[in-house]
Amino acid sequence: MGKSRRTVPEELLLLALDPTTGTTAQPQTLDLGLAGAQLVELSLAGRIVPEGDRIAVVLARPTGDPTLDHALELLRRRGSPVRAAHWIGGPRLGLRQTYLAHLERCGMVTAVPGQVCGVLPTTRYQASDDCTNAAIKQRLDTAIRTGVPPDPRTAALAALAHSVGLGKHLYPGNEGRSSRSRLRDLIRYDPLGGMVAHAVMDVQNGLPAQQNRAAAQGSAPAATGRSGARAAAGRGSGGRVAASRVGVR
């Protein structure tokens with residue numbers, strides 16, 4: 001995979017980066033979104049395909065992107081399709097820092113050392129090219145403003161941005177309310193992105209843990225069925241279920 005195009009995880013992280021503070025918005029959920037964004041990018045690269053609410057590897061050839069290839073190898077080792085929510089909620093927290101380091105190596109961000117309260121060391125990140133960030137945001141703005149169905153990459157990015165709660169960061173205040181609502185509705189334009197975004201929100205709501213407990217009690221099929229019904233309802237209603245999960249106003 002060449003670097004002429006930024007990947008969905010890279011774009012999601014750049015969207016979350018606050019140009020004023022040098023920190024990322026929604027740090028608690030951004031790791032989950034980045035894990036979901038990896039699935040979207042691997043699908044766009046033809047390495048994985050969805051099978052219901054599961055992900056299956058169809059081509060294990062490396063993409064050339066080290067972070068994506070690590071995820072692809074972990075998926076390959078599973079040997080059988082894995083539920084998207086279980087994958088996203090797996091023990092891979094720290095993706096935000098991994099991708100910040102990746103973006104720094106690629107020259108997309110610059111690390112700026114600093115201190116908190118003049119004592120504790122910290123690192124802030126500044127985008128190296130403000131035009132790049134503006135172009136990413138402009139794609140979302142255009143889809144929101146025109147109502148024209150966006151390309152799958154932009155639709156998936158919008159779905160993931162909504163799923164991790166970036167709406168208020170991108171479109172703050174009362175004046176951004178309608179834009180946040182339209183951002184949520186873009187989820188319906190990409191089935192895979194929508195499925196992954198719902199999986200991210202399910203993980204935030206603790207659904208994989210609930211399913212694991214149900215499986216231990218011999219009731220996993222019922223729990224899975226309820227999950228599938230919620231996801232289908234969300235896709236069929238243009239993302240209205242997603243709104244209730246994240247609470248975009």
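Trainee: So axes are lines fitted to C-alpha atoms, for helices over the stretch in contact, and angles run from 0 to 180 degrees between N-to-C directions. At what angle do α7 and α10 pack, then?

Mentor: About 10°, with the two axes 8 Å apart. Keep in mind that this is a predicted model. Helix α7 covers residues 152-163 and helix α10 covers residues 191-204.

Trainee: Parallel or antiparallel?

Mentor: Angles under 35 degrees count as roughly parallel, so α7 and α10 are roughly parallel to each other.

Trainee: Which residues make the contact?

Mentor: From α7, they are Ala156, Ala159, Leu160, His162 and Ser163. From α10, they are Gly193, Val196, Ala197, Val200, Met201 and Gln204.

Trainee: How many of those are nonpolar, polar or charged?

Mentor: In the contact of α7 with α10, seven residues are nonpolar, four are polar and none is charged.

Trainee: Next pair. How do α1 and α6 pack?

Mentor: Helix α1, residues 8-16, meets helix α6, residues 130-146, at an angle of about 100°, and their axes are 10 Å apart. The range from 65 to 115 degrees counts as roughly perpendicular, so α1 is roughly perpendicular to α6.

Trainee: Is α1 mostly covered or mostly exposed?

Mentor: Mostly covered, as nine of its nine residues are buried. The buried residues of α1 include Glu10 and Glu11, along with Val8, Pro9 and Ala16.

Trainee: Changing topic: what about Ser179, buried or exposed?

Mentor: Ser179 is in helix α9. Its relative accessible area is 16%, and the cut-off for buried is under 20%, so Ser179 is buried.

Trainee: What does Ser179 touch?

Mentor: Ile144 and Tyr171, leaving aside neighbours within four places in sequence.

Trainee: Where is Arg184, and is it buried or exposed?

Mentor: Arg184 is also found in helix α9, which spans residues 177-185. Arg184 is buried, with a relative accessible area of 13%.

Trainee: Which side chain does the Arg184 side chain contact?

Mentor: The side chain of Asp185, through a polar contact of 3.2 Å.

Trainee: Now a strand. Where does Val57 sit?

Mentor: In strand β2, residues 54-57. Val57 is partly exposed, its relative accessible area being 30%.

Trainee: What is Val57 in contact with?

Mentor: Apart from neighbours within four places in sequence, Val57 contacts Arg47, Ile48, Leu72, Leu75 and Arg76. Separately, Val57 and Pro81 are 24 residues apart in sequence and 7.3 Å apart in space, C-alpha to C-alpha.

Trainee: Zooming out, how many helices and strands does the protein have?

Mentor: There are 13 helices and five strands. Of the 249 residues in the protein, 47% are buried.

Key: Residues are numbered from 1 along each chain as its sequence is written. This is a predicted model: local features need pLDDT of at least 70, side-chain atom pairs count only at pLDDT 80 or more; totals for chains, interfaces and linings use all residues. Side-chain values use heavy atoms; hydrogens and water are left out. Helices (H or I, at least four residues) and strands (E, at least two) are DSSP runs, numbered from the N terminus. Angles under 35 degrees count as roughly parallel, over 145 as roughly antiparallel, 65 to 115 as roughly perpendicular and the rest as oblique. Buried means under 20% relative accessible area, exposed over 50%, partly exposed in between (1.4 Å probe, protein chains only). A polar contact is a pair of N or O atoms within 3.5 Å; within protein, one must be able to donate a hydrogen and the other to accept it, and residues adjacent in sequence count only if both atoms are side-chain atoms. Contact means heavy atoms within 4.5 Å. Ala, Val, Leu, Ile, Met, Phe, Trp, Tyr, Cys and Pro count as nonpolar, Asp, Glu, Lys and Arg as charged, and the others, Gly among them, as polar.
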